[in-house]
Amino acid sequence: GQRFQADYRSANADAPRRYTFNPLGLVYREGVVYLVASLWDYGDARHFALHRMSKAELMTEAAIAPKGFDFERYIREEKAFEFPLGTDIKLELRVDGWLARHLEESRLSTDQAINPIRGSEHFRLVATVRDTDRLFWWLRSLGTSIEVIKPAGLRRKMAAEANGLSAMYGRRA
């Protein structure tokens with residue numbers, strides 16, 4: 001509940017700058033702890049990787065929360081940590097059986113549908129999801145257990161990634 005000052009080096013900066021932070025909450029995501037805070041007397045919440053902070057000094061003033069700020073809403077509804085690229089997309093995937101079973105329990109969306117593909121051990125999954133970097137990273141992490149069918153742009157992006165990996169691993173080390 002107290003303001004503090006700290007040096008913060010953003011990811012694209014060579015040197016840190018001194019900021020006054022109004023802490024609002026902490027988020028742990030993919031091995032990194034983020035401080036959600038506003039700066040000085042500004043009314044917008046931002047997030048800052050804690051490992052980029054140094055020389056923190058507690059101030060005597062109480063932290064100032066942006067008017068109407070709700071931490072839970074900021075995380076869940078505003079999807080502040082989703083790194084959005086665009087709007088919602090209709091995602092169509094071909095998935096292995098183990099992944100279909102997993103996604104029946106951990107749904108991607110409320111309109112998700114999973115159906116077996118006739119004559120195959122695979123399943124067709126259709127869901128409306130947010131087009132985010134996190135979605136792309138998750139799809140990449142599943143390797144050959146998943147194939148993006150639609151949308152065409154995402155399928156091309158996945159194919160380009162696979163072609164790049166193939167070319168890289170095809171070269172002699």
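Buried means under 20% relative accessible area, exposed means over 50%, and partly exposed covers what lies in between. Arg 18 has 31% relative accessibility, so Arg 18 counts as partly exposed. The model described here is predicted.

**Salt bridges**

A salt bridge is a side-chain nitrogen of Lys or Arg within 4 Å of a carboxyl oxygen of Asp or Glu. By this rule the model has nine salt bridges. Three of them are described here, starting with the one between Arg 3 and Asp 41, whose closest N and O atoms are 2.5 Å apart. This pair links distant parts of the chain, 38 residues apart: Arg 3 is in strand 1 (residues 2-8), and Asp 41 is in the loop between strand 3 and strand 4 (46-49). Arg 3 is at 10% relative accessibility and therefore counts as buried. Asp 41, with a relative accessible area of 62%, is exposed.

Arg 18 forms a salt bridge with Glu 57, and their closest N and O atoms are 3.3 Å apart. Here too the pair links distant parts of the chain, with Arg 18 in strand 2 (residues 17-29) and Glu 57 in strand 5 (residues 53-62), 39 residues apart. Glu 57 is at 48% relative accessibility, so Glu 57 counts as partly exposed.

Lys 90 is partly exposed, with a relative accessible area of 48%. Asp 111 is also partly exposed, with a relative accessible area of 34%. Elsewhere, salt bridges that share partners join Asp 7, Arg 18 and Glu 57 into one network.

The table lists the three pairs.

| Salt bridge | Closest N and O atoms |
|---|---|
| Arg 3 and Asp 41 | 2.5 Å |
| Arg 18 and Glu 57 | 3.3 Å |

**A nonpolar patch and a buried residue**

On the surface, Leu 26, Tyr 28, Val 33 and Leu 50 form a nonpolar patch, and together they have about 390 Å² of accessible area. Val 33 belongs to strand 3 (residues 32-39). With 31% relative accessibility, Val 33 counts as partly exposed.

Thr 132 is in strand 8 (residues 123-132). The relative accessible area of Thr 132 is 3%, so this residue is buried. Between Thr 132 and Ala 37 there are 95 residues of separation in sequence and 23 Å in space, taken from C-alpha to C-alpha.

**The second largest pocket**

Rolling a probe the size of a water molecule over the atoms shows where empty space is left. The second largest pocket has a volume of about 310 Å³. Its lining has 14 residues, and those closest to the centre of the pocket are Gly 143, Ile 146, Met 158, Ala 159 and Ala 162. At least two lining residues come from each of helix 3 (133-141), strand 9 (146-150) and helix 4 (152-170). Helix 4 supplies the largest share of this lining, six residues. By type, the lining of the second largest pocket divides into seven nonpolar, two polar and five charged residues.

Note on methods: Residues are numbered from 1 along each chain as its sequence is written. This is a predicted model: local features need pLDDT of at least 70, side-chain atom pairs count only at pLDDT 80 or more; totals for chains, interfaces and linings use all residues. Side-chain values use heavy atoms; hydrogens and water are left out. On a 1 Å grid over the protein atoms alone, a cavity is a set of points where a 1.4 Å probe fits but cannot get out, and a pocket is an open set with protein on both sides within 12 Å along at least five of seven lines; lining residues have an atom within 4 Å of a point. Grid points are joined across faces, edges and corners, and a volume is the space filled by probe spheres set on the points. Helices (H or I, at least four residues) and strands (E, at least two) are DSSP runs, numbered from the N terminus. Ala, Val, Leu, Ile, Met, Phe, Trp, Tyr, Cys and Pro count as nonpolar, Asp, Glu, Lys and Arg as charged, and the others, Gly among them, as polar. Patches are made of residues with over 30% relative accessible area and no salt bridge: like charges are joined within 9 Å, nonpolar side chains (Val, Leu, Ile, Met, Phe, Trp, Tyr) within 5 Å. Accessible areas come from the Shrake-Rupley method with a 1.4 Å probe; for residues, only the protein chains shown count as cover. Buried means under 20% relative accessible area, exposed over 50%, partly exposed in between (1.4 Å probe, protein chains only).
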